[in-house]
Amino acid sequence: MPLSSKHLLGLHGVPKEDIQLILDTAHTFREILDRPIKKVPTLQGKTIVNLFYESSTRTRISFELAEKRLSADAINFSISGSSVSKGETFKDTVKNIEAMKIDMVVVRHSAAGAPAYLTKICDANIINAGDGIHEHPTQALLDMYSIRQRIGKIEGLKVCILGDIAHSRVALSNIFGLQTMGAKVSVCGPSTMIPKNIKELGVDVIHNVDEAIQENQVLNVLRIQLERNAGEYFPSIREYAKYFGITNERLDKNGKDILILHPGPINRGVELSSEVADGSNQIILYQVTNGVAIRMAVLYLLGTIN
Amino acid sequence: MKTLIKNVKLIHPEEKINLQETDILLNEGLVEKIGKFNSDEISNTQEFDFSGSLVVPGFFDMHVHLREPGREDEETILSGCNSAANGGFTGVACMPNTEPAIDNAEVIHFIKKQSKGHLVDVHSIAAATLGRKGESISPMAELAEAGAVAFSDDGVAVKTSSVLKRAFEYANMYGLPIIEHCEDDSLSKGAMNEGLNSTFLGLPPLPSVSEDIIVVRDILMAEYTGGRIHIAHISTKNAVGLVREAKERGINVTAEVTPHHFTLTDDAVKTYDTNTKMSPPLRRQEDLDAVIEGLMDGTIDCIASDHAPHSIEEKDSEFQFAPNGIIGLETAVGLSLSELYHKKKLSIEELILKLSINPRKILNLPVPKFSVGELANFTILDLNKVWTVDISKFKSKSKNSPFDRRLLTGTSIATVNNKRIFYDDHWYNL
């Protein structure tokens with residue numbers, strides 16, 4: 001059974017069967033990553049452009065590796081040194097790249113909706129690798145896959161997303177995906193970082209981290225994005241770390257064996273203390289490995305949809 | 001030359017005229033006689049048979065951006081006037097955010113020159129502050145003398161309260177209103193209205209309180225200085241409530257609303273169509289309901305399009321990076337008739353007040369009369385014509401409208417003014 005769409009723009013509205021299929025497919029690819037020869041010929045002859053209008057290290061490398069593991073031809077385009085600096089519009093850049101006969105575009109962009117816009121101007125499969133503060137679907141898929149592998153299920157789980165919800169594309173994709181898969185999602189963070197209408201999405205809002213730890217089985221800790229002026233939304237990093245940072249003391253106090261995820265990169269000593277970032281509750285590097293498998297699954301399922 | 005406009009209904013709410021079936025005889029563009037004529041009574045006239053149509057005082061759009069001087073690729077005064085005539089307007093007031101801004105008499109003279117002889121009257125709204133920078137007030141006396149009908153920094157509100165106070169005090173000497181684009185600069189960095197949709201779409205949110213705060217400030221300043229404040233493109237429930245309350249308290253405040261704010265909500269943004277991006281942004285259903293209520297109870301005095309042409313290349317981009325605004329001159333009348341008249345929110349008389357009479361009064365302009373000897377200044381309406389918006393047929397140089405392909409009921413079929421008639425895509429001299 002194929003996916004119901006030829007693009008992956010976000011997890012909003014993506015049916016449960018599709019998410020299930022991606023997670024199951026990722027599982028078969030995950031096994032390949034542990035082989036001595038980590039390459040399959042599945043997407044041989046397909047050309048995939050990684051169009052990165054915003055800097056990224058891990059997501060770009062993860063996609064690129066996934067593409068290479070599937071034997072696709074991967075081309076990287078990033079904002080520096082491109083025609084963008086010559087004043088070319090996004091549309092013209094994409095039309096030019098498309099004219100070189102490509103099959104899929106993985107796009108990261110600072111503007112929400114940029115991947116949706118691409119579907120209107122270009123025929124390739126479009127995969128959203130993060131658009132503004134909108135969605136980052138492959139991150140949420142790899143989070144869900146990692147949770148499912150560690151706990152054995154998603155349905156019925158209580159998951160809290162902690163941090164700057166208002167400026168996080170990871171949060172929104174996780175909320176949509178987890179809810180579709182039957183988890184109960186809450187968010188926790190300073191009220192200046194919680195979108196005004198988030199409760200209308202069926203999400204509980206908590207402002208006390210101890211409560212968040214006690215009430216949930218999974219904690220997805222988001223990065224404080226200092227580069228996006230996150231510092232304007234709370235008085236100081238010290239205060240954030242004190243009231244919203246996860247430390248061993250806090251975990252011990254609440255006596256919980258909670259599973260901790262983090263999409264990286266970590267601000268050590270801010271949202272996670274170093275002990276927690278390297279401790280036994282977290283699965284941060286496990287997520288990173290799974291990320292390649294998830295992206296292989298998405299590329300494979302979209303690339304073979306026709 | 002004599003011209004006979006035949007078989008029309010005639011409504012003028014101010015002059016208490018309501019004729020069911022009549023003819024109008026014009027002589028050199030002036031009203032000569034109103035009544036039924038036998039065909040042998042008159043000879044040597046050009047005739048327009050508008051059976052079943054309605055003649056009303058010419059509509060006036062008090063909020064348009066004509067882009068000239070500065071962005072003639074998007075609109076010129078000529079193309080904007082053609083767009084107005086095609087949309088049913090015989091007069092417009094253009095906003096000063098041109099390049100250079102309308103902050104000196106020379107620009108007003110230039111606009112007058114460019115629009116001279118056109119069917120559509122063009123009046124200039126001058127900048128309230130020099131270069132619209134909000135730092136010091138513009139030469140208001142000179143601007144008023146040159147013909148400015150109001151002052152505004154439209155695009156933004158007058159930046160500081162101290163400059164606003166001076167602007168009110170100074171403009172008041174000439175009896176001219178300050179028109180305010182009510183948005184708090186520090187809260188207006190978002191790309192769409194803050195709400196569930198902005199969360200869903202991941203677009204930077206712009207809270208409605210941004211508008212409300214400036215509406216409060218401006219109303220209080222108008223009260224304090226005794227000046228006249230006109231709230232441009234009102235869009236929030238709270239702002240409507242604040243204007244209503246201010247009017248009850250006797251403060252000299254008026255307000256306009258755009259057709260898009262009484263037709264669309266922020267649900268329209270869901271496709272990331274940049275033609276749904278404007279300032280103020282599309283709001284929620286409760287705001288839309290409130291502006292319609294405000295139109296019905298008289299809180300909102302007029303309908304203005306905020307006609308804002310933008311080039312295709314600027315609008316065809318990522319939503320966040322696209323400029324604000326849509327064109328509106330050629331859809332305003334159709335939307336007003338469809339959404340307000342046919343949905344029984346406003347009577348035709350009320351609609352005429354809001355599209356013709358009130359905007360002129362706010363700007364101290366004479367209201368067209370139907371009396372003998374007056375210059376014929378009419379909009380001719382077919383209230384029931386069902387038509388589909390087709391932006392490729394617009395006279396505007398720009399095509400940025402979210403209403404393309406929309407089915408509307410009611411339209412203007414002709415405009416008459418300045419001894420000319422525009423009908424069926426032709427210009428006739430009268």
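**Chain A, overall**

I began with the secondary structure of chain A and found eleven helices and nine strands; helices (H or I, at least four residues) and strands (E, at least two) are DSSP runs, numbered from the N terminus. The model is predicted, and local features need pLDDT of at least 70, side-chain atom pairs count only at pLDDT 80 or more, and totals for chains, interfaces and linings use all residues. Residues are numbered from 1 along each chain as its sequence is written, while chains are lettered from A and ligands numbered from 1 in the order in which they are written.

I then looked up the radius of gyration of chain A, which is 19 Å, close to the 19 Å that the globule rule gives for 306 residues, so chain A is as compact as a globular protein of that length. The radius is taken over C-alpha atoms, and the rule is 2.2 Å times the number of residues to the power 0.38. Along the principal axes, the C-alpha atoms of chain A fill a box of roughly 55 × 45 × 35 Å.

**Contact of chain A with chain B**

I noted 23 residues from chain A and 16 residues from chain B in this contact; two residues are in contact if their C-beta atoms, placed from the backbone, lie within 7 Å. On the side of chain A that touches chain B, at least two residues each come from α3 (90–99), α4 (114–121) and α6 (169–180) of chain A. The largest share is that of α4(A), with three residues. I sorted this side of chain A by class and recorded ten nonpolar, seven polar and six charged residues. Here Ala, Val, Leu, Ile, Met, Phe, Trp, Tyr, Cys and Pro count as nonpolar, Asp, Glu, Lys and Arg as charged, and the others, Gly among them, as polar.

**Domains of chain B**

I read domain 1 of chain B as 2–55 + 371–384 + 408–429 and domain 2 as 58–362, with bounds from an automatic or database domain assignment. Their C-alpha centres lie 30 Å apart. The contact between them draws 17 residues from domain 1 of chain B and 22 residues from domain 2 of chain B. On the domain 1 side, β15 (378–388), β16 (407–417) and β17 (420–423) of chain B give two or more residues. I found that β16(B) gives the most, with seven residues. By class, this side of domain 1 has six nonpolar, nine polar and two charged residues.

**A helix pair in chain B**

I examined α1 (residues 77–87) and α2 (residues 105–115) of chain B, whose axes come within 9 Å and cross at roughly 60 degrees. Axes are lines fitted to C-alpha atoms, for helices over the stretch in contact, and angles run from 0 to 180 degrees between N-to-C directions. I listed I77(B), L78(B) and C81(B) of α1(B) and I111(B), Q114(B) and S115(B) of α2(B) as making the contact. Four of these residues are nonpolar, two are polar and none is charged.

**Backbone checks**

I found a cis peptide bond from G264(A) to P265(A), with omega near -15 degrees. P265(A) sits in the loop between β9 (259–261) and α10 (274–277) of chain A. In chain B, S279(B) and P280(B) are joined by a cis peptide bond with omega about -5 degrees.
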